[in-house]
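Please consult the sequence and structure shown below while reading.

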Amino acid sequence: MSSYLKQWNAMFQDQQSQQQNLAEIDLYYKLETAAYEKILADPKQSLKGNFVDLQKQLGFQNKPIIFIGFLDGINSSLKNNLDLEEIDDNSEINLEIDFTKLFISMHDSKADWLYTIKDWDNIISPEEQQQMLFDWRQSKIAHSEKVGRNDPCPCGSGKKYKKCCGK
């Protein structure tokens with residue numbers, strides 16, 4: 001039997017059952033949203049146990065492939081990443097979430113249905129959220145060391161570069 005992760009990834013590569021996959025992906029978004037609402041409502045709750053128990057706790061009953069997709073999505077926001085290739089029904093899982101990383105990750109993936117969940121305000125204040133987003137956007141801006149022709153000349157003459165060293 002192939003791993004749950006391989007089955008999850010195969011859903012996006014199999015063109016023949018695209019309609020079925022779209023239904024599964026739609027279900028994934030619904031279950032993912034419900035799981036995050038549950039997590040954000042009580043961020044101090046224990047999120048550890050074996051795969052099957054945690055799957056039920058977060059509302060992914062009998063949907064291990066969709067649950068592994070959820071784990072794949074949250075994995076980069078965990079304090080200790082999971083080896084998703086090795087997970088089976090008996091695997092012990094501990095989801096220690098770094099909520100700052102998770103918030104930014106949701107913005108990175110443009111998941112507005114997730115980063116607008118109201119309970120975020122109870123975990124990260126709106127002011128902190130704004131500052132985090134400002135810093136995140138600033139980190140995405142490309143910076144160049146090149147001197148523009150109308151910039152002050154780096155030699156310190158006070159002249160425009162084009163009238164000084166740029167000639």
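Is Lys 140 buried or exposed? Lys 140 is exposed, with a relative accessible area of 52%. Here buried means under 20% relative accessible area, exposed means over 50%, and partly exposed lies in between (1.4 Å probe, protein chains only).

## Basis of the model

The model is predicted: local features need pLDDT of at least 70, side-chain atom pairs count only at pLDDT 80 or more, and totals for chains, interfaces and linings use all residues. Residues are numbered from 1 along each chain as its sequence is written, and side-chain values use heavy atoms, with hydrogens and water left out.

Helices (H or I, at least four residues) and strands (E, at least two) are DSSP runs, numbered from the N terminus.

## Salt bridges

The structure holds 3 salt bridges, a salt bridge being a side-chain nitrogen of Lys or Arg within 4 Å of a carboxyl oxygen of Asp or Glu. Lys 140 takes part in one of them, with Asp 108, and the closest N and O atoms are 3.5 Å apart. Because Asp 108 lies in helix H5 and Lys 140 in the segment after H8, this pair ties together parts that are 32 residues apart in sequence. Asp 108 is partly exposed, at 41% relative accessible area.

Glu 24 and Lys 63 also meet through their side chains in a salt bridge, at 3.8 Å from N to O. Glu 24 belongs to helix H2 and Lys 63 to the loop between H3 and H4, so the pair ties together parts that are 39 residues apart in sequence. Lys 63 has a relative accessible area of 29% and is partly exposed. A further salt bridge joins Lys 30 to Asp 26, with 3.4 Å between the closest N and O atoms. These two residues are 4 residues apart in helix H2, and are therefore separated by about one helical turn. An α-helix has 3.6 residues a turn, so residues three or four places apart point the same way. Lys 30 is exposed at 54%, and Asp 26 is partly exposed at 40%.

## Charged surface patches

Asp 83, Glu 85, Glu 86, Asp 88 and Asp 89 form a negative surface patch. Patches are made of residues with over 30% relative accessible area and no salt bridge; like charges are joined within 9 Å, and nonpolar side chains (Val, Leu, Ile, Met, Phe, Trp, Tyr) within 5 Å.

A patch of positive charge gathers Arg 149, Lys 159, Lys 160, Lys 163 and Lys 167 on the surface. Lys 159 is found in the segment after helix H8 (126–139) and is partly exposed, at 47% relative accessibility.

## Buried residues and their contacts

Helix H4 is mostly covered, with 9 of its 11 residues buried; among them are Ile 66, Phe 67 and Phe 70. Leu 54, in helix H3, is buried at 1% relative accessibility. Leaving out residues up to four places away in sequence, Leu 54 touches Leu 47, Lys 48, Phe 67, Ile 93 and Leu 95; contact means heavy atoms within 4.5 Å. Leu 54 and Glu 92 are 38 residues apart in sequence, yet their C-alpha atoms are 9.1 Å apart.

Thr 33, in helix H2 (residues 18–41), is buried at 18%. Beyond four places in sequence, Thr 33 touches Trp 113, Leu 114 and Ile 117. In the loop between H4 and S2 lies Asn 75, buried at 10% relative accessibility. Apart from neighbours within four places in sequence, Asn 75 is in contact with Asn 81, Leu 82 and Leu 84.

## Positive phi angles in loops

Asn 62 is not a glycine, but its phi is positive, near 55°. Asn 62 lies in the loop between helix H3 (51–57) and H4 and is exposed, at 68% relative accessibility.

Lys 110, also not a glycine, has a positive phi of about 55°. Its place is in the loop between helix H5 (99–108) and helix H6 (112–115), where Lys 110 is exposed with a relative accessible area of 64%.

Methods:
Accessible areas come from the Shrake-Rupley method with a 1.4 Å probe; for residues, only the protein chains shown count as cover. Lys and Arg count as positive and Asp and Glu as negative; His and the chain ends are not counted. The place of a charge is taken as NZ of Lys, CZ of Arg, CG of Asp or CD of Glu.
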